[in-house]
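Dear colleague,

I am pleased to hand over the structure below for your work. My notes on it follow the display.

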Amino acid sequence: MKWGIVVIVILLLIGGYIYASSANGDIEPLGRLGFVKLANPDMYPGHPHSELLAKYAEERGSKCALVVHFAGSSNYRSYKEGDVYIIELAFHDTQGNGAAGNVNYFDSLKVALFGVPDGRYTYKSDGKVYNTYEGAMDHVYELAKEHGQVGPIPMVWHGTARSGNPMITQGCGYPLFFDIVRREYGIIPAYYYTLKGMLLPYIGDPYRNFELSHASSLQYYYTHGMLDYE
C-alpha cells in the first residue's frame with residue numbers, strides 16, 4: 001500500500017512538472033500525423049494529411065500548424081490549407097543517408113537518450129537552409145506571427161514510413177519532433193509527448209485503417225513514383 005502511494009505521488013510530481021514546463025510554451029506537441037504516404041507531394045493543399053493537420057489546428061483555435069520532416073529533396077514550402085497556415089520544417093542529419101536511407105535504431109536511441117550533438121543537423125524551411133536550431137525556429141515563429149498566430153503552435157511529426165512496418169517505424173520527422181520538445185520543455189516532457197503522440201493517428205487519422213491495411217502497397221507505389229500527382 002505504501003509503495004502504491006509513493007508511485008502515485010511520483011506520477012503526480014512528474015505530471016505537474018510536465019504541465020508546468022509546457023503550460024506557457026510556444027509549441028503544442030500533438031504527435032504523429034500519418035502512417036504512410038498517400039500521394040506525392042505529401043504535404044500540399046488538398047492532400048488528406050494536410051487537411052487533417054488543418055483540422056487539428058482549427059479544433060484548437062490556431063491559425064498555424066507546424067509539421068516537421070526528415071529532409072529529402074523538397075524545399076518544404078509553407079502554405080495555406082483553408083484558413084490555416086501550414087509551416088514546414090525539416091532537418092538534415094549530416095551523419096545520415098538522407099530521407100530515403102535505412103533507419104539506424106541504435107543511433108536514434110543515442111539521440112533520444114543524450115540529445116542531438118551540436119552541429120550535427122541543418123534545417124530547411126521555405127527553400128532556405130539554417131545551420132542552427134535557433135535560426136530555424138526564429139523563422140518558424142516569424143511566419144506564425146505574420147499569419148496572426150496567438151498562443152502555442154500545434155506541432156506534429158509527419159510520420160509517414162517509406163518502408164517497414166509503420167506501426168513500429170515512426171517515420172518522417174520523428175527525431176526532430178523529439179528534439180524540439182526536449183529543447184523547449186526538457187527531457188521528461190519529450191518522452192511523455194512522444195509516447196502520447198504515437199497514439200494520435202490511431203485516434204485522429206480517419207485514413208488509418210486504409211493506410212495500415214495497404215501499407216506495403218502504398219510504400220511500393222511511392223518509392224516507384226506511382227503516387228505522384230504533380
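This is a predicted model: local features need pLDDT of at least 70, side-chain atom pairs count only at pLDDT 80 or more; totals for chains, interfaces and linings use all residues.

Salt bridges

A search of the whole structure finds six salt bridges. In one of them, Arg60 pairs with Glu28, with the closest N and O atoms 3.2 Å apart. Arg60 lies in the loop between helix 2 and strand 2, and Glu28 in strand 1, so the pair ties together parts that are 32 residues apart in sequence. Arg60 is partly exposed, at 38% relative accessible area, and Glu28 is also partly exposed, at 26%.

A salt bridge also joins the side chains of Lys55 and Glu59, at 2.7 Å from N to O. These two residues are four apart in helix 2, which separates them by about one helical turn. Lys55 is partly exposed, with a relative accessible area of 41%. Glu28, Lys55, Glu59 and Arg60 are linked in a network of salt bridges.

In helix 5 (residues 174–185), Asp179 and Arg183 are likewise four residues apart, about one turn of the helix. Their side chains meet in a salt bridge of 2.8 Å, N to O. Asp179 is buried, with a relative accessible area of 1%, whereas Arg183 is partly exposed at 31%.

Helix 2

At 1.5 Å a residue, the twelve residues of helix 2 (residues 48–59) should span 16 Å, and the C-alpha atoms at its ends are 17 Å apart, which agrees. Buried residues in helix 2 include His49, Leu52, Leu53 and Tyr56. Gly61, which follows the helix, has a positive phi near 70°.

Backbone geometry

Most residues other than glycine have a negative phi, and most peptide bonds are trans. Against that background, the peptide bond from Asn40 to Pro41 is cis, with omega near 5°. Pro41 lies in the loop between strand 1 (27–32) and helix 2.

Tyr76 has a positive phi, near 55°. This residue is found in the loop between strand 2 (64–70) and strand 3 (79–81), and counts as buried because its relative accessibility is 7%, where buried means under 20%. Asp126 also has a positive phi near 55°; Asp126 is in the loop between strand 5 (121–125) and strand 6 (128–130).

Surface charge

Asp118, Glu134, Asp138, Glu142 and Glu146 gather in a patch of negative charge on the surface. Asp138 belongs to helix 4 (residues 133–146) and counts as exposed, at 51% relative accessibility.

With kind regards

Terms used: Residues are numbered from 1 along each chain as its sequence is written. Side-chain values use heavy atoms; hydrogens and water are left out. The expected span of a helix is 1.5 Å times one less than its number of residues. Buried means under 20% relative accessible area, exposed over 50%, partly exposed in between (1.4 Å probe, protein chains only). Patches are made of residues with over 30% relative accessible area and no salt bridge: like charges are joined within 9 Å, nonpolar side chains (Val, Leu, Ile, Met, Phe, Trp, Tyr) within 5 Å. Accessible areas come from the Shrake-Rupley method with a 1.4 Å probe; for residues, only the protein chains shown count as cover. A salt bridge is a side-chain nitrogen of Lys or Arg within 4 Å of a carboxyl oxygen of Asp or Glu. Lys and Arg count as positive and Asp and Glu as negative; His and the chain ends are not counted. The place of a charge is taken as NZ of Lys, CZ of Arg, CG of Asp or CD of Glu.
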